[in-house]
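Please keep the structure open while reading.

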Amino acid sequence: TTYASARILTIIRHMMATFSADEDALNTLSDDVGGLWCRPIAVLEYPPDSFKFLREFVHPNVPCIIRNALSNSPTNLNDTVLLDKKRTPLLLTLDEIIDQVGGEIIITVDVTPDGHGDCVRPVATGEDQSDDAVDSTLSQVQNSTRRMFVKPYEERMSLDDFRDMLRADRYSKQHDNKNINHNNSSTLDDDDLTIFPLSRNRNGDQENTQQTNTSSANETNPPIVYYSRQNDCLRTELTQLFSSNIFPKSFTFAEEAFGTGPPDAINIWIGNERSVSSMHKDHYENLFYVCSGQKEFILCPPADVLFLHEGEFPSGKFNRKPSNAPTDDSIWVVELDCGEDSCEDEVYTKWIEPDIKTSLSSDRRNDSARYPLLSRAHPIKVLLSEGEMLYLPSLWYHRVTQTCETVGVNYWFDMKFDSPHWCYFNLLQNMKSSKQR
């Protein structure tokens with residue numbers, strides 16, 4: 001580990017000296033990261049002690065899978081304990097959650113037309129994108145497209161309604177994106193993402209997209225829902241579930257290894273195979289546990305920031321508009337985020353542009369011209385099954401989806417910023433930053 005860190009630091013120093021990352025330097029860095037940093041994901045049958053966890057995973061900044069980290073026996077202890085071989089892992093489905101806490105609880109759900117929220121995608125722009133124009137067909141307003149970071153629409157609904165909608169969109173999945181009629185949407189772009197129009201409110205103000213009960217499982221093309229609140233939602237929105245002591249409040253081995261105190265947030269995630277979280281990083285040490293179903297992670301180490309084509313993009317969010325056509329449920333538009341002083345000031349978000357899974361697939365080799373550095377990245381596919389926990393180190397990039405209806409819980413612990421790890425990463429990130437306008 002010491003040699004690997006020193007070797008990578010040498011490459012970074014060389015790049016600093018030349019103030020540019022030439023082809024040889026990039027190739028050398030890619031080879032060293034692949035040969036010295038990336039390794040097969042270790043699988044531990046039981047949680048390690050804090051010293052082993054720190055020495056073998058936290059300090060070298062590498063992921064691992066931990067089994068038997070949560071027990072199916074409720075506990076009111078402040079932290080988990082090592083499980084003996086007679087105890088079984090915690091398993092929990094959406095139906096069991098509703099049976100326990102009731103279906104009337106209101107939650108805030110991410111809603112999208114195609115399952116892709118919080119991602120970079122093309123948005124159709126035109127001269128007249130006011131509310132009066134959003135019912136027009138996209139061919140009438142699509143004078144050009146612009147790549148934007150688009151967030152999901154947020155909708156408050158009951159757990160019962162969420163379950164109905166989650167399963168309704170699965171029944172319609174045979175209508176893939178190429179066949180679904182999104183009313184005012186265009187054909188797919190080169191990234192297989194549907195193009196939606198940009199809408200500007202006439203008064204220049206952002207509308208509140210957190211609505212209640214505007215979606216229905218009975219729609220012709222039901223939207224795709226994903227519970228991914230990321231705001232400590234297990235301890236806030238689903239307080240009753242957390243209070244049942246099914247989940248531990250923390251993990252001693254992790255707290256001692258991270259050295260940053262108890263979890264900053266504990267989140268619950270519920271979705272199916274149609275929801276995708278695009279490639280991104282978090283400034284947290286992450287422990288992700290699958291309660292039921294299966295998660296698919298594609299991981300890249302922090303040094304891959306040079307190769308993932310991260311840029312800054314104008315940000316906006318999906319919104320649903322009522323349609324004038326009697327047979328249409330609603331139409332989808334993208335609304336720009338407003339700046340602090342005016343909606344004329346655009347807000348920019350730094351994000352990964354390509355979808356690494358589709359761009360590196362065998363039938364998408366033409367993407368090498370659009371994203372020439374992507375082939376130097378080091379994607380690692382991890383299938384995390386129920387009863388397994390993934391340790392995802394801070395700053396590791398990850399693309400996440402599900403292979404079926406899945407319930408997961410994650411614990412976010414603050415990362416340490418007063419470290420060479422953050423300083424070197426921030427240098428690499430700034431070297432490749434490019435504003436997309």
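One aromatic cluster is formed by Phe 53, Phe 57, Phe 251, Phe 253, Phe 258, Tyr 391, Tyr 411 and Phe 413. Rings of Phe, Tyr and Trp (its six-membered ring) are taken as a pair if their centres lie within 6.5 Å, and planes under 30 degrees apart count as stacked, over 60 as edge-to-face and the rest as tilted. The model is a predicted one, in which local features need pLDDT of at least 70 and side-chain atom pairs count only at pLDDT 80 or more, while totals for chains, interfaces and linings use all residues. Residues are numbered from 1 along each chain as its sequence is written, and side-chain values use heavy atoms, with hydrogens and water left out.

Across the whole structure a search finds 21 aromatic pairs, and two of them are set out here.

| Pair | Centre to centre | Angle between planes | Arrangement |
|---|---|---|---|
| Tyr 284 and Trp 412 | 4.8 Å | 10° | stacked |
| Phe 417 and Trp 422 | 5.2 Å | 75° | edge-to-face |

Tyr 284 belongs to strand E13 (residues 284-292) and Trp 412 to strand E21 (residues 406-414), so their pairing ties together parts that are 128 residues apart in sequence; helices (H or I, at least four residues) and strands (E, at least two) are DSSP runs, numbered from the N terminus. Tyr 284 is partly exposed at a relative accessible area of 22%, whereas Trp 412 is buried at 6%, where buried means under 20% relative accessible area, exposed over 50% and partly exposed in between (1.4 Å probe, protein chains only). In the other pair, Phe 417 is partly exposed at 40% relative accessibility and Trp 422 is buried at 17%.

His 309 lies in the loop between strand E14 (294-300) and strand E15 (310-321). Although 64 residues separate His 309 from Leu 373 in sequence, their C-alpha atoms are 7.3 Å apart in space, and the side chain of His 309 reaches the backbone nitrogen of Leu 373 at 3.2 Å. Beyond its neighbours within four places in sequence, His 309 is in contact (heavy atoms within 4.5 Å) with residues including Trp 351, Glu 353, Arg 370 and Tyr 371.

Methods. A polar contact is a pair of N or O atoms within 3.5 Å; within protein, one must be able to donate a hydrogen and the other to accept it, and residues adjacent in sequence count only if both atoms are side-chain atoms.
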